[in-house]
Amino acid sequence: MSQFTGKTAVISGGAEGIGLSIAKALAEQNMNIVLTDINEENLKKASLELEATGVSVLSVVLDVAEEDQWEVVAEQAIARFGKVHMLVNNAGVGGDSTSIENQNKKGWQWVLDVNLMGVVFGAKVMVPLISEHGEGGWIVNVASMAGMGGVPYGGAYSATKAAVVALSEGWAGELESKDINVSVLCPAFVQTRIYNSERNRPAQYKSDTKAKVDENSFFNRAKEMVESGIDVSIVGKRVVEALNDGEFYIFTHPNYREVVQMRSSEIDAAFKKASESPLLQHIVNQKIKML
Ligand SMILES: NC(=O)c1ccc[n+]([C@@H]2O[C@H](COP(=O)([O-])OP(=O)(O)OC[C@H]3O[C@@H](n4cnc5c(N)ncnc54)[C@H](O)[C@@H]3O)[C@@H](O)[C@H]2O)c1
C-alpha cells in the first residue's frame with residue numbers, strides 16, 4: 001500500500017499526452033481518477049483505457065479556462081468519491097509562434113486563459129476540497145523548462161510557464177499549513193501532440209488575421225523537437241517517484257541542468273554587479289525581513 005492508495009486525484013488535460021501518463025501512473029498507485037479534458041471523444045477513450053486496468057474513473061468534460069466548469073468537476077468528484085486529495089493542473093497549449101510585432105491579442109488571451117488562469121481556477125476550486133478533510137494532499141502544476149528561461153518567439157508560452165513556476169513557489173508556502181504539498185513539473189521535450197495545440201483552440205480565441213509564424217522561431221521546429229523528446233510514459237512514473245521523495249521542482253530532463261545553471265550564474269553575476277554599485281552601498285548588508 002502506498003501513500004496514494006484509495007485517495008482521489010483530479011487531472012486536467014488528461015485525455016492524452018502527459019496528463020494521461022500521470023493518470024496511468026497514479027492509477028497504478030490505486031488512486032481514484034477524476035479525468036478531465038476539453039476533448040470529449042479522447043476523454044472517453046482514455047477513461048475506458050484506464051478503467052480496463054481496474055481503477056475507478058470519473059470522466060468530466062472540462063475547459064480549464066472556465067471557472068464554472070471546475071465547479072461542476074468538484075461537485076461530481078465529491079458525489080462519486082467523497083473527497084479530493086490531489087490536483088494535477090496539466091492542461092496546456094503551445095500558442096502562436098511569432099515575433100513580438102506579429103502577435104495578436106486573441107492568441108495571447110488563449111494561452112493566458114488555459115496555461116495560467118486554468119491553473120489558478122483549478123487551485124481555487126480544489127484547494128478547499130483538499131484541505132477540508134484534514135488528510136493532506138498534493139497539487140502538481142505542470143509548467144515547462146520554458147518556465148526556467150524564456151524562449152524567443154514563444155513569449156506567451158514562456159510567460160505563462162514562468163508564471164506557473166512562480167505561482168507554485170508562492171503556493172508551497174501558502175498551503176504548507178493546510179498540509180498540501182505543492183510541486184511544479186518542468187519537462188523539456190516529451191513525445192506528445194503539444195506541437196499541434198491548435199486542434200484545441202476554441203472559436204473565441206481565433207483571429208481573422210492568423211498570427212504570422214516567424215521563420216526564425218524555434219517553435220517552427222516544435223514537431224521535430226517534441227518528437228525527439230522522451231517517451232511520455234516515463235513522465236507519469238517520474239512524477240510518482242518525485243512525489244514520494246517530496247520534490248518541489250520535478251525535472252524529467254537532467255541533461256538540461258547546465259542550461260538552468262547558466263541562468264542562475266548570470267543572475268548571481270548581476271547581483272554581484274549591483275553589490276558593487278556606489279549607488280547601492282547603503283543596502284548591501286541590510287538584513288531582509290522575510291514575509
Ligand atoms: N510535450 C512537451 O514537450 C511538454 C514540455 C513541457 C511542458 N509540457 C506541458 O505539459 C502539459 C501537457 O501537454 P502535452 O505535451 O501532454 O500536450 P498534448 O497536446 O498532447 O495534451 C494536452 C491535453 O490538454 C487538453 N487541453 C487543451 N486545452 C484544454 C483546455 N482548455 N481545457 C482542458 N483540456 C485542454 C488536450 O485536449 C489534450 O488532451 C502542458 O501544460 C504543456 O505545456 C509539455
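## Helix 3 meets helix 4

Let's start with a pair of helices in this predicted model. Helix 3 covers residues 67-81 and helix 4 covers residues 105-132. Their axes come within 9 Å and cross at roughly 30 degrees, and the crossing of helix 3 past helix 4 is right-handed.

Which residues make the contact between helix 3 and helix 4? From helix 3 come Glu 67, Trp 70, Glu 71, Val 73, Ala 74 and Ile 78.

## The shell around the ligand

Now let's turn to the ligand. There are 30 residues around the ligand, and those that come nearest are Ile 18, Asp 37, Asn 90, Tyr 157 and Thr 192. Two helices to look for here are helix 1 (17-28) and helix 5 (155-175), each of which supplies at least two residues of the shell.

## Polar partners and burial

Next, some individual atoms of the ligand. One of its oxygen atoms lies 2.9 Å from a polar side-chain atom of Lys 161. The backbone takes part too: a polar backbone atom of Arg 193 is 3.1 Å from an oxygen atom of the ligand, and a polar backbone atom of Leu 62 is 3.4 Å from a ligand nitrogen atom.

How much of the ligand does the protein bury? On its own, the ligand would expose 840 Å², and the protein buries 98% of that area.

How values were computed
Residues numbered from 1 in each chain as written. Predicted model: local features only at pLDDT ≥ 70, side-chain atom pairs only at ≥ 80, totals over all residues. Heavy atoms only, no water. Near = heavy atom within 4 Å. Polar contact = N/O pair within 3.5 Å; in protein donor to acceptor, adjacent residues only side chain to side chain. Areas by Shrake-Rupley, 256 points an atom, 1.4 Å probe, with all protein chains shown as cover. Helix = DSSP H or I, 4+ residues; strand = E, 2+ residues; numbered from the N terminus. Axes fitted to C-alpha atoms, helices over the stretch in contact; angles between N-to-C directions. Left-handed = near helix turned anticlockwise from the far one by under 90°. Contact = heavy atoms within 4.5 Å.
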